[in-house]
Amino acid sequence: MSATPPPPESSALTIGADARDMIERAREERVTTVWDRLRAQEPQCGYCSLGVSCTNCSMGPCRIDPFGEGPQRGVCGADADIIVARNLGRAIAAGASAHSDHGRDILEVFAATAEGKTAGYEIRDETKLHALAEELGVTTEARSTQDIARDVADVMMEDYGTRKKAIGMLDRVPDARRALWEQLGITPRGIDRENVEMLHRTHMGVDNDYTNILLHGLRASLSDGWGGSLIATELSDVLFGTPQPGISKVNLGVLDEAQVNIALHGHNPVLSDVIVQAAQDEELVALAREKGAAGINLVGLCCTGNELQMRRGIPMAGNHLMQELVIMTGALEAMVVDYQCIMPSVTDVAKCFHTEVISTADKARFPGATHISFDPERGVAIGREIVRRGIMAYEHRNPDRVRLSTAPVEMMAGFSVEAILGALGGTPQPLVDAIVAGKIRGAVGVVGCNNPKVKQDYGHVTLTRRLIENDILVLVTGCSAVANGKAGQMLPAAAEMAGSGLREVCQSLGIPPVLHLGSCVDNTRILVLAAALANHLGVDVSQLPLAGAAPEWYSEKAISIGAYVVASGVSTVLGVQPPIFGSMNVVKLLADDLDDVVGAKFAVEPDPERAAVWIRRHIEAKRQELGLTAHDPGTIKLEDPAHV
Ligand code: SF4
Ligand code: MSK
């Protein structure tokens, strides 16, 4: 038997000094991390990687031989096209459901707040509430905020289980795109409906046309992007405040050895917002001091962290692959989790330290964690109870086991669409002028997760850097925002890294060349901005010099995001291969034919340098089609022989 090869150097796994240090510590202390578990799984199943395995019924499981020598049909007769399309359709439905259910949870708290039945919540952005009410046809004149909020909640509830022909916020979409969706039969009718229908269609013996399944996949994803996720974003702004740019800090160095450290992890801001209130409670601060700490230090992880960072300036400890490593610092008293992207392994790592993992959502339980059930009627009291537990855990910290070696980095966060338009003087025209003049060639949303198959943050940071060097404005959300923040690319001073045109625009506005638009549900902010730009110019979104990228994606939510971005007219590059390559028909449909159907398509390119070339070519082609021929000073020459 051959000996197991040694694990790769930590520098091959991540570009972060903070992450490298903790990976090495984990090895020294024999604590298993995500990278170890990935190695233990390798080689991963080739059938599943190609998307040609199926477990949809008990006549299976079945698999199609990609080399054409073994079975070409499942027991029911499904071929590779059907199986790949069904698997992808179900992944879209799962991702869209996750985001949309998050939206529903916020909607329920919003509705209860309108009824005066919550503690610790209020309508913080009345202007936005009024704008939403007008958009949704709710009368605002001579009515109280509570009455308006109650009606807005009712209308939004209907978007989930509606009998209408279309969900409620589609008037933001350019007319040409709306007409196209109608013609294709992919206008989202109801959020729950489209996802339930996807599960129905992909049951054995229902939809056996891969094109038809995938068209419905676009519809399901649109119910997320223009429905559930958009509700999450809009109501979070109404309840917790619409973000405005502010300076915060990022990386593991935001943990403070002298304080009680509590990490807030997951996606939903409803509980974390009241924890922020509780952490300022004088009685609890006094208790922390009594226990010997200098105070209470809240830090964020993943998208709950993004929500808090952009509204409250709470520092960000890290993105997806940092969740085990933050416990490895030995300085974390409590990790409070809500849902999504929380590895079940965090409770195992926590056992090696004094950290208490506290789960809070009844739909997301973690064996080994303390469960404190979230109830908005007792929001503040629950927030206090959680903070108190963190303080009590501080007594068990072993100072000799604390290892914090990295200084935090500053970053700017909080660019809501309202903040961006505000910086531009209330209209997209200055942005349009800069694009027409060629100072800004176009804009790209670089979004999504980390994946241990990719060197952590390398994809996000490299792609973003090449784009800004080439005068392409970058909008980031989710884990990409954390990666770029850690790399120092999200401060106004980072304009120095940009090409001359983008640099000039950023310096005149005092903004970074990489703008933080928020959490994963806030990808809707990118959609809304793109639609506003298209409406301003009287064109469709697909005509604009825009692109999307998810260099390190891992989750089903990212598949839904990619699908709704493409269905909205923005071509998107994926850095991790999706499980579709077992069907060349599906690959051709998504990477080629879709362009003729929705004016946008997918590409897969693991190398961020080459992905930057693909995007540059795409953006310059869009500019040419619009007749924008201003001088192109880019550093990536389009005639370079790099192909995607
Ligand atoms: Fe096999 Fe068809 Fe059942 Fe899938 S649905 S497991 S391909 S028999
Ligand atoms: S947290 S969905 S790993 S971006 Fe939104 Fe990060 Fe992806 Fe989760």
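Let's begin at histidine 320, which sits in the loop joining strand S6 (316-318) to helix H13 (325-328). Keep in mind that what you are looking at is a predicted model. Is this histidine buried or exposed? Histidine 320 has a relative accessibility of 6%, and because buried means under 20%, histidine 320 counts as buried. Which residues does it touch, once neighbours within four places in sequence are set aside? Histidine 320 is in contact with Cys302, Cys341, Met343, Asn450, Cys479 and Tyr554.

Tyr554 is among the residues that lie nearest the centre of the largest pocket, together with Gln44, Asn451, Lys453 and Pro579. This pocket has a volume of about 1,100 Å³, and 33 residues line it. Where do they come from? Helix H2 (34-41), helix H3 (46-50), helix H4 (80-114) and helix H22 (556-567) are the elements that each give two or more residues to the lining of the largest pocket. H4 provides the largest share, with five residues. Sorted by class, the lining of the largest pocket holds 18 nonpolar, 11 polar and four charged residues.

Now let's move to the second largest pocket, whose volume is about 370 Å³. It is lined by 17 residues, and Arg172, Glu234, Val417, Glu418 and Val528 are the closest to its centre. Four helices, helix H5 (126-135), helix H9 (210-240), helix H16 (417-423) and helix H21 (523-537), each supply at least two residues of this lining. Which of the elements gives the most to the lining of the second largest pocket? That is H21, with six residues. In terms of domains, the lining draws at least three residues from domain 2 (80-240) and at least three from domain 4 (412-635). By class, the lining of the second largest pocket has eight nonpolar, three polar and six charged residues.

Our last stop is ligand 1. What surrounds it? Four cysteines, Cys54, Cys57, Cys62 and Cys76, belong to the surroundings of ligand 1. By class, the shell around ligand 1 divides into seven nonpolar residues, three polar ones and one charged.

Conventions. Residues numbered from 1 in each chain as written. Chains lettered and ligands numbered in written order. Predicted model: local features only at pLDDT ≥ 70, side-chain atom pairs only at ≥ 80, totals over all residues. Heavy atoms only, no water. Buried < 20%, exposed > 50% of the residue type's maximum accessible area, 1.4 Å probe, protein only. Contact = heavy atoms within 4.5 Å. 1 Å grid on protein atoms, 1.4 Å probe; cavity = no way out; pocket = protein on both sides within 12 Å on 5 of 7 lines; lining within 4 Å. Points joined across faces, edges and corners; volume = space filled by probe spheres on them. Nonpolar A, V, L, I, M, F, W, Y, C, P; charged D, E, K, R; others polar. Domains from an automatic or database assignment. Near = heavy atom within 4 Å.
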